[in-house]
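Student: Could you walk me through this one? I'd like to know what the labels rest on.

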Amino acid sequence: MTVTPRISINDGNLVVHGKTILKGVPDNIVLTPGSGVGPVAGTFIGATASDSKSLHVFPIGVLEGLRFICCFRFKLWWMTQRMGTCGGDVPLETQFMLVESKEEEEDPNSPTIYTVFLPLLEGQFRAVLQGNDKNEVEICLESGDNTVETNRGLYLVYMHAGTNPFDVIDQAVKAVEKHMQTFLHREKKKLPSFLDWFGWCTWDAFYTDVTAEGVEEGLRSLSEGGTPSRFLIIDDGWQQIENKPKDSDCVVQEGAQFASRLTGIKENAKFQKNGQNNEQISGLKHVVNEAKQHHNVKYVYVWHALAGYWGGVKPAAAGMEHYDTLLAYPVQSPGVLGNQPDIVMDSLAVHGLGLVHPKKVFNFYNELHAYLASCGVDGVKVDVQNIIETLGAGHGGRVSLTRSYVQALEASIARNFHDNGCIACMCHNTDGIYSTKQTAVVRASDDFYPRDPASHTIHISSVAYNTLFLGEFMQPDWDMFHSLHPAAEYHAAARAIGGCAIYVSDKPGNHNFELLKKLVLPDGSVLRAQLPGRPTRDCLFADPARDGISLLKIWNVNKCSGVVGVFNCQGAGWCKVTKKTRIHDASPGTLTGSVCANDVDSITQVAGADWNGETVVYAHRSGELVRLPKGASVPVTLKVLEYELFHFCPVKEITTNISFAPIGLLDMFNGSGAVEQLEVQKTSDEKPELFDGEVPSELTTSLSDNRSPTATITLKVRGYGRFGAYSSQGPLKCTVDNVETPFNYDSATGLVTLTLPVPQEEMYRWPIEIQV
């Protein structure tokens with residue numbers, strides 16, 4: 001029997017599961033089947049050329065009339081999203097593309113097929129996708145070194161298709177992991193422990209003017225307000241760098257002098273300290289000790305650039321001669337130059353960057369990290385990573401040089417920081433992404449810019465769409481924010497359901513503690529969702545930043561619930577004409593949409609095998625609780641910069657007229673994340689009858705309060721404050737920690753509420769028993 005491949009070229013068309021994706025595929029394009037079996041088998045796209053070059057552009061066919069979403073680098077450091085329907089809409093530097101294909105009108109029951117395109121690294125070359133004015137999709141293949149040439153590549157782009165977009169992306173990245181063997185999927189990496197604790201970063205509080213006193217002041221300020229920081233990032237500003245005069249030739253942005261170079265691996269004078277006999281002791285060690293001993297900080301991270309500092313390491317700096325540093329001048333790829341210009345690169349192109357020799361870079365990292373570890377530092381935020389791709393000439397090209405640096409960095413982190421202490425930043429290039437075997441946290445988008453009104457809505461949409469791709473490799477970090485800011489609540493709500501670290505960069509004394517207490521428990525821990533937060537299936541090809549009609553919905557799961565955050569992100573985005581992020585609609589309208597349980601893609605795994613599809617949904621901002629039959633939805637209406645968080649809690653049928661669902665901490669953004677365990681113990685042996693679907697009957701047929709209990713529901717719940725659950729009948733009794741506790745019951749909605757005290761132990765899980 002002949003098995004027809006799911007992806008093939010027929011009569012010059014690229015056909016996926018019977019649907020044409022690309023037309024007019026040139027003869028020099030070749031397909032190589034992946035190693036998967038049956039329906040999960042993908043295909044590699046390759047191309048051949050008549051001559052060898054260091055940069056090729058291969059058209060692979062015409063794309064028209066199909067919706068797609070892609071993640072592309074709008075500037076050297078960062079990706080954002082673009083939606084389109086034809087090849088001409090595919091931007092330069094596209095590193096991820098998902099295409100939707102529906103059956104022709106004659107078969108409305110045919111499933112939608114989702115096809116992912118992943119441009120890869122092959123040997124010393126890197127591929128990306130781009131479009132042209134003939135609506136062709138092109139592969140741009142480059143080495144970044146004029147002496148490194150090729151005339152072909154067989155494994156330039158990997159394609160994978162199926163009916164669930166999230167599974168397709170996951171399977172595709174795992175197939176590429178097996179093929180390349182140069183990186184590991186997120187699920188195989190150790191997540192650093194700081195993710196589950198509230199943090200503070202010094203960057204937007206002080207920029208490079210950070211001092212030891214400022215660090216102390218910031219930690220004290222947050223502790224006094226009742227939301228103690230348990231992890232700390234000392235950002236740019238602590239290192240020894242050249243003391244250049246600030247001349248008109250030197251580019252400065254938010255205090256960072258981009259051409260400055262590192263002159264030593266220890267802390268600068270702002271952090272140094274004299275001991276009792278005037279002998280110098282490590283000021284950094286003192287700052288770390290103070291943070292841990294006086295403020296109960298658990299994890300301290302410090303910032304450095306992948307090249308040491310923005311301008312690298314100063315050649316032949318005293319004590320650093322053995323790194324064999326030479327000045328190098330960056331050369332950007334045409335794709336990056338075709339998008340947003342960058343003032344960092346303008347500065348470095350003039351002044352050069354001090355590049356540590358790739359054979360000496362492990363020694364550099366190891367000496368730096370060993371010193372930091374000796375001061376009690378637990379990890380590093382490694383920034384400005386993509387600069388290395390521009391320095392590949394003379395080093396075998398961009399892929400080779402990047403991989404040398406990433407491997408050296410990961411080896412040093414493994415040796416010096418035992419909790420895999422690394423946050424990768426300004427690193428959205430596939431040279432690095434496909435070379436990380438260990439790094440488990442990646443900043444998901446361009447920065448939180450407190451003073452740029454155009455940045456806030458696009459920040460939320462970018463982190464969500466970029467996470468579709470980045471979340472397969474690492475846990476995306478949705479960045480710090482300010483708790484006292486016009487957009488603070490909007491940012492906080494997104495972080496709460498993003499599965500990401502939750503940390504602020506407030507100036508000392510400038511906090512909104514009412515807001516922070518919706519994120520942070522008294523012990524400094526947070527209720528982190530289980531997965532990287534991603535757009536819901538019906539948002540994948542809409543454009544919630546630009547189309548004027550779509551709300552952005554982001555889904556995630558907790559241990560016993562699903563959550564959907566809805567955000568009005570309209571009005572701003574990256575503009576391909578002005579080549580910058582700008583406001584394109586100063587007064588976007590109020591939008592209405594809807595949410596349902598199936599927006600949470602893995603709700604059935606959370607609910608368990610015996611679930612009948614019913615949920616109760618709790619809306620965080622409105623406080624409304626609604627019981628939803630299977631397939632039903634609830635409407636939501638939002639102005640720009642508004643949000644709502646919907647917690648979908650699967651209903652457990654206990655008997656024909658008693659059903660139950662835990663909700664969680666009603667006043668926390670991710671309140672359903674507080675519920676860690678649910679068990680139902682029936683007091684009788686009778687089997688539950690099938691529920692007939694008549695929802696109102698349960699609430700209208702109230703059972704007697706002096707009846708014998710039918711079941712005991714046991715919960716494990718973190719945190720304190722108002723705890724809520726749904727019960728179709730009023731409970732007979734509630735206990736917390738084996739102590740009977742008063743509760744309220746609203747028979748109209750089925751909402752049970754009780755109050756949890758502040759626990760005395762960290763990460764304490766209250767045992768709650770509810771008898772029904």
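Tutor: Happy to. Keep in mind that this is a predicted model. Let's start with Q181, which has a relative accessibility of 58%.

Student: What makes Q181 count as exposed?

Tutor: The cut-off for exposed is over 50% relative accessible area. Q181 comes to 58%, so Q181 counts as exposed. You'll find Q181 in the loop between helix 1 (165-180) and strand 15 (199-201). Its phi is near 60 degrees, a positive value in a residue other than glycine.

Student: And how do you know whether D11 is buried or exposed?

Tutor: D11 has a relative accessible area of 80%, so D11 is exposed. Its place is the loop between strand 1 (7-10) and strand 2 (13-16). D11 isn't a glycine either, and its phi is positive, about 50 degrees.

Student: Let's turn to helix 4. How do you know that its length agrees with what a helix should span?

Tutor: Helix 4 covers residues 283-294, which makes twelve residues. The expected span is 1.5 Å times one less than the number of residues. For helix 4 that gives 16 Å, and the end C-alpha atoms are 16 Å apart, so the two agree.

Student: Which residues of helix 4 are buried?

Tutor: G283, L284, V287, V288 and A291 are buried. That label requires under 20% relative accessible area.

Student: Why do you say the buried residues line one face of helix 4?

Tutor: Look down the axis of helix 4: its buried residues fall within an arc of 140 degrees, so they line one face. There's a general rule to go with that. An α-helix has 3.6 residues a turn, so residues three or four places apart point the same way. The face turned away from the buried side of helix 4 carries Q293 and H294, which are exposed. Just after helix 4 comes N296, with a positive phi of about 55 degrees.

Student: On to the strands. What makes strand 10 "mostly covered"?

Tutor: Strand 10 runs over residues 113-119, and seven of its seven residues are buried. In a regular strand, side chains alternate between the two faces of the sheet. In strand 10, I113, T115, F117 and P119 lie on one side, with Y114, V116 and L118 on the other, and both sides are covered.

Student: How do you know which strands pair with strand 10?

Tutor: Two strands pair if there are at least two bridges between them. Strand 9 (residues 94-101) and strand 10 have five bridges and pair in the antiparallel sense. In that pairing, S101 stands opposite I113. Strand 14 (residues 150-162) is joined to strand 10 by six bridges, again antiparallel. There, M159 is the bridge partner of F117. Both counts meet the cut-off, five for strand 9 and six for strand 14.

Student: What pairs strand 12 with strand 13?

Tutor: Six bridges, in the antiparallel sense, with strand 13 at residues 136-142. G131 has V137 in strand 13 as its bridge partner. This hairpin has four residues between the strands, and N135 takes a positive phi near 65 degrees.

Student: Last topic: cavities. How many are there, and what lines the largest cavity?

Tutor: The structure holds five cavities of 30 Å³ or more. The largest cavity has a volume of about 80 Å³. Its lining includes L306, Q385, T402, V406, C427 and M474. Helix 8 (398-416) and helix 9 (430-433) each supply at least two of the lining residues.

Student: How do the lining residues of the largest cavity divide into nonpolar, polar and charged?

Tutor: Six are nonpolar, six are polar and none is charged. Gly counts as polar in this scheme, and G432 is one of the lining residues.

Note on methods: Residues are numbered from 1 along each chain as its sequence is written. This is a predicted model: local features need pLDDT of at least 70, side-chain atom pairs count only at pLDDT 80 or more; totals for chains, interfaces and linings use all residues. Side-chain values use heavy atoms; hydrogens and water are left out. Buried means under 20% relative accessible area, exposed over 50%, partly exposed in between (1.4 Å probe, protein chains only). The arc is that of the directions from the helix axis to the C-beta atoms. On a 1 Å grid over the protein atoms alone, a cavity is a set of points where a 1.4 Å probe fits but cannot get out, and a pocket is an open set with protein on both sides within 12 Å along at least five of seven lines; lining residues have an atom within 4 Å of a point. Grid points are joined across faces, edges and corners, and a volume is the space filled by probe spheres set on the points.
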